[in-house]
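Opening the notebook on this one. I want to look up the charged pairs, then the surface, then the overall fold.

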Amino acid sequence: MSEQKVAVVTGASSGIGAATARRLAADGFEVVVTARRTERIEALAKEIGGRAYTLDVTDRAAVDAFAAQVGRVDVLVNNAGGAIGAESVEAGDPADWRTMYEVNVLGVLHVTQALLPALRATGDGTVLVMSSTAALAAYEGGGGYVAAKHAAHTIAATLRLELCGEPIRVIEIAPGMVKSEGFAVTRFRGDEDKAAAVYAGVAEPLTSEDIADTVSWAVTRPSHVNIDLLVVRPRAQAANHKVHREQ
């Protein structure tokens, strides 16, 4: 009997990360869930029969310590990320931009660098970067997040080139409008009304489970199949700036 494959999911305390952890566990992976909110990931790990590690992906020493403990890794889902604010470039707070860059870009860099030896050792590893349609097109009020996700997209593209010929796939999934737990509320600093307005009139935005389903499909393709970039949007969204809203 072959050894059970192991998937690491960052930012797994809620939303897309938690949904992805549940789906990969259902697919037969042993799932290692990481996030800063210990209570949440411990409950999730208990639910899915996985392991939980409290981890801030922006803390390189903590990431290295995690990598030294985790053991086998077949799949890495770089999901930790997020947006803060919707101000213009002119009015944006550099501290918000720095925070977004550290988690969306340096977080991906830290965890990927730390786990590449384990991924390589399996002879069939997969690195998945959760970017965004913001990684592919700019929009007003999204400067900091757009810049960070463009950088995450570039990490995935560059890493794929650099690992060509090695037994490691590099996948990027770029979701559009997802009504996930907490994303818009965090972006608007706890303002529930502003967060709700993002989805107003949209009959069916994507759910966290929709993205988890996409992750599952991408990472379970035959080893020779690499899903370089998969953009997934709700039917109501044709582009970042084109969304059908019912009256």
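I looked up Arg189 first: it counts as partly exposed, because its relative accessibility is 49% (buried is under 20% relative accessible area, exposed over 50%, partly exposed in between, with a 1.4 Å probe and protein chains only). Its salt-bridge partner is Asp96, with the closest N and O atoms 2.4 Å apart; a salt bridge here is a side-chain nitrogen of Lys or Arg within 4 Å of a carboxyl oxygen of Asp or Glu. The pair links distant parts of the chain, 93 residues apart: Asp96 sits in helix 4 (residues 94-121), and Arg189 in the loop between helix 6 (183-187) and helix 7 (192-198). Asp96 counts as buried, because its relative accessibility is 13%. I also noted that Glu3, Arg72 and Asp74 are joined into one network by salt bridges that share partners.

Before going on, a note on the source: this is a predicted model, where local features need pLDDT of at least 70 and side-chain atom pairs count only at pLDDT 80 or more, while totals for chains, interfaces and linings use all residues. Residues are numbered from 1 along each chain as its sequence is written, and side-chain values use heavy atoms, with hydrogens and water left out.

Next I checked Glu47 and Arg22, whose side chains meet in a salt bridge at 2.7 Å, N to O. Glu47 is in helix 2 (residues 38-48) and Arg22 in helix 1 (residues 15-26), so this pair ties together parts 25 residues apart in sequence. Helices (H or I, at least four residues) and strands (E, at least two) are DSSP runs, numbered from the N terminus.

Asp64 and Arg60 make another salt bridge, 3.0 Å between the closest N and O atoms. Both lie in helix 3 (residues 60-70), four residues apart, about one turn of the helix. My tally for the salt-bridge rule is 12.

Then I turned to the surface. Leu136, Leu229 and Val231 form a nonpolar patch with about 220 Å² of accessible area together. I take patch residues as having over 30% relative accessible area and no salt bridge, nonpolar side chains (Val, Leu, Ile, Met, Phe, Trp, Tyr) being joined within 5 Å; areas come from the Shrake-Rupley method with a 1.4 Å probe, and for residues only the protein chains shown count as cover. Leu136 is in the loop between strand 5 (125-130) and helix 5 (143-162).

Last, the whole chain: I get eight helices and nine strands. Of its 247 residues, 47% count as buried. The C-alpha atoms fill a box of roughly 55 × 40 × 35 Å along the principal axes.

Notes: Patch = residues over 30% accessible without salt bridge, like charges linked within 9 Å, V, L, I, M, F, W, Y side chains within 5 Å.
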